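Trainee: I have a model open beside its sequence, and I would like to learn how to read it. Could you take me through it feature by feature?

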Amino acid sequence: MSFLSLTERDREEMLATIGVDSIEELFRDIPEGVRFDRELDLEPALSEQEIVAHLEELAAKNVDTGRELSFLGAGIYDHYVPAVVDTVLSRGELLTAYTPYQPEMSQGVLQAIFEYQTAVCELTGMDVSNASGYDGTTVAADACYVAKHVTGRSRVVVAETLNPQVRQVVKTYAPGFGLEVVEVPHRGGVTDPDELAAAARDAACVIFQQPNFFGCLEPAPDLAAAANDAGALPVAHVDPVSLGVLEAPGAYGCALAIGEGQAAGNYQSYGGPHYGFMAARSDYVRRMPGRIVGETTDVEGRRAYVLTLQTREQHIRREKATSNITTNQTLLALAGLVHLSWLGPQGLKEQGETCMALAAYAKERLDLPLAFPDQTTFKEFAIRVGRPAEDAIRAAREQGVHPGYALKRDYAGMEDALLVCVTEKRTRSDIDRLAEMLAA
Amino acid sequence: MKLIYERSQEGRRASSLPPNDLPVPEIPEELRRDRPPRLPELAEPELVRHFTKISTRTFGIDTGFYPLGSCTMKHNPRVNERVVNLPGFRDLHPLQEEEGSQGALELMWRLQEILAEVAGLPAVSLQPAAGSQGELTGLMLMRAYFADRGEAETRRKIVIPDTAHGTNPASVTMGGYEVTPVKTDPRGNIDVEDLRTKVDEGTAGLMLTNPSTLGLFDESIEQITRIFHEAGALMYYDGANLNAVCGISRPGDMGFDIVHFNLHKTFSQPHGGGGPGGGPIAVRERLEPFLPVPAIVRDGEEAFRLDYDRPKTIGKVRGFCGPFGVFVRSYAYIRAYGPGLREMSEVAVLNANYMLARLKDAYELPFDRLCMHEFVLSARGLKREHGITALDVAKRLMDYDFHPPTIYFPLVVPEALMIEPTETEAKETLDEFVDAMLEIARDAAERPELLKEAPHNRPVGRVDEVKAAKRAVVRYLFEDHPDLSKEPASGRELEVQKGA
């Protein structure tokens, strides 16, 4: 086996040092009754070359966004990932380290996490960020756990325009947290602040998405104000790519800002691994879940970084911890930091504007009824194709175009609606081609 | 080293984007951003140098030996990085239609089949993002299972041994259960007499790591299983230490009903400085209806699909199907071994026992038995006689270019040093580490200051953790950033337990 280094002679010497005759003897503490008495029924071992061939064969059965002109979004996005991200992530030191428990060995990754936390705080207008959560769904459940403990209330409110998968994860976690989940329906593609205000009474938190799942811009400051007036924590679920052009949640009164980081620096990768981000006002720093890196000094007064506020965490607080998270998504968050550093503030703004401009062009060019014609949208928008959405998808895919996501999967009354996503990777001629497909 | 923000100059950038000549729609004023985020501003050469320097100040398995107990820091084969970056995987959208994602579905289905065989349990969900989330998912399954039987209100307790990872009790609370602790007996097994008094009709289940965090296989496992199953309770297997027993003893055969795998430990997903991980779970038939959706199923020989039609499902614990890239790497890893996974575990256990045999006279061994894939020593004697702590030993190991073991965990062993070599190390590496540990034990008596002042060859010396926690400077504050070197040291060092 190529990953093992021991020779036969090594093994004999080692067994002699231990004082046993065979490897089997090392397992003598395992009761006979629970020993596995046959060989694992797995396919035979493959050489490296055979592994590559086998996985190439599997990969070839997938239709990736290089083989099909794709307008799929709905939470995972085909944005450009710069080469420098690949370069940094292929550094073996970063790839193969673990959680930086020993700061003297790990100043590099600790500093990178500190820089990542800074970037997330800058994007969201918040005071503190953790080192990452699993993805854009689980950070919403984390936010509910924070809100439950901060407010002592047992109900959470989610806008129906929040990504359906995020809502589903919140609902899955809620019973264990002792929380009830209430949904506020949308009105013409966005959430009504008055309706939200009514639902927010006695709620621990209110979670809404900006831009929302339909791509529409929510009246986010009004939604945050409605939550604050009710004593519920306003939580904004935001797209990092939008935050060069859209206001930061911290600037309009949110307590927490969360989101899926994939759009900034991660490939689509069939949905993971990516990183969820979570940032908060300083009031909630000691309720934050997960790892946080802080600045300090070493014995000689030199600047140093270290995992901090660990009395929140499971390895010290055990059943009283703010979360059970241990392994997080550091490598993906690092990709996010590199990506955002590559973009810079101006690049992020240009990217947001380009997405918006192309999406606006697509809206006009497709010439199909908009599901929510009164709303301003960012990089996604919903259209009515006048026939079952899956028929439109099938027909377009036969021509090598994936026209978008069928909203009927999550919303009643939207049988003919498609959610179309346009990133900076799509061109005008790509959009023209989509228009021809959908007109056909 | 400067922070990336301290290298920034206004107007610099690394990115070039396709020019946009289309009109940009107007954003309503109250939603528009006026003050840009202060992201780094560097050209690409400086950007690359910054992150290269970041990497050189980080220690990974590629750098050297990393025997961090309970974390299974094994070699990460590079072929796995090659295959995960195939465009058919890397650039696949998770909402692609099933006919456009057959390769991904097949890979996941195959991985499920493999994990079921390794666990000795029939049904698998790959969805959980990490071991901790696997635990929480397992507790959600228990809740749903007992609710289905009308016992949700009565079964409130989860039994956890005092050797458990902190994640276990944290998960129990998040899952809405209460922790019932159980003691460890003088051989390092669960104290069965104590256990008998704690399991009753109010018990929902047990969470157990086997081998335990002491690196010991619980010799009473059959009795333990009987106690729980007779009480109508469920058994949860924390797979953190599965690297010891692949193909040797299966959790399902031990009697466990729910198992999580740590794909980043046992099956070599690179740890990435803290993640990503993967925490699939395998369960017995009676728990299958409650598994997260979608399930990945095979229709006939060739067609794979996502099945959402599971009326009793707990729901979803993560987006889409889970961390797919992790599945690709772990699947490739397992295919390199095939049934030889048993040898992987055998060598992991051989390596650990070899180191233990060479070290047990110089350090205290709290439970004098053969170990499994890891072992726990105590620096209690060094502390008593020379004032040298586990922390000092750990820091001194850095001078030899080794990553220290896990320290101060498990909590039942004072001054614990938890060492897990994994199977991928050469004997010479094990010997060099052991020689260093033996020299450190001698130096503890002869030159204790050398240990107290360690490490000597790192970019920073020991750090002031108390100051970090008290000041809570958790982001760069630009022109308002404080100079912590001008503030007094806390004069105190935290010796918190560290490890998975």
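**Reading chain B and its interface**

Mentor: Begin with overall size: for 500 residues a compact globule would have a radius of gyration near 23 Å, and chain B, at 25 Å, agrees with that; the radius is taken over C-alpha atoms, and the globule rule is 2.2 Å times the number of residues to the power 0.38. This is a predicted model, in which local features need pLDDT of at least 70 and side-chain atom pairs count only at pLDDT 80 or more, while totals for chains, interfaces and linings use all residues. Residues are numbered from 1 along each chain as its sequence is written, and chains are lettered from A in the order in which they are written.

Trainee: What percentage of the residues of chain B count as buried?

Mentor: A residue is buried if 20 or more other C-beta atoms, placed from the backbone, lie within 10 Å of its own; in chain B, 59% of the 500 residues count as buried.

Trainee: How many residues of chain A are in contact with chain B?

Mentor: Two residues are in contact if their C-beta atoms, placed from the backbone, lie within 7 Å; 178 residues of chain A are in contact with 180 of chain B. The largest share of chain A's side, 24 residues, comes from its helix α11 (residues 330-366).

Notes. Helix = DSSP H or I, 4+ residues; strand = E, 2+ residues; numbered from the N terminus. Buried ≥ 20, exposed ≤ 12 C-beta atoms within 10 Å, placed from the backbone.
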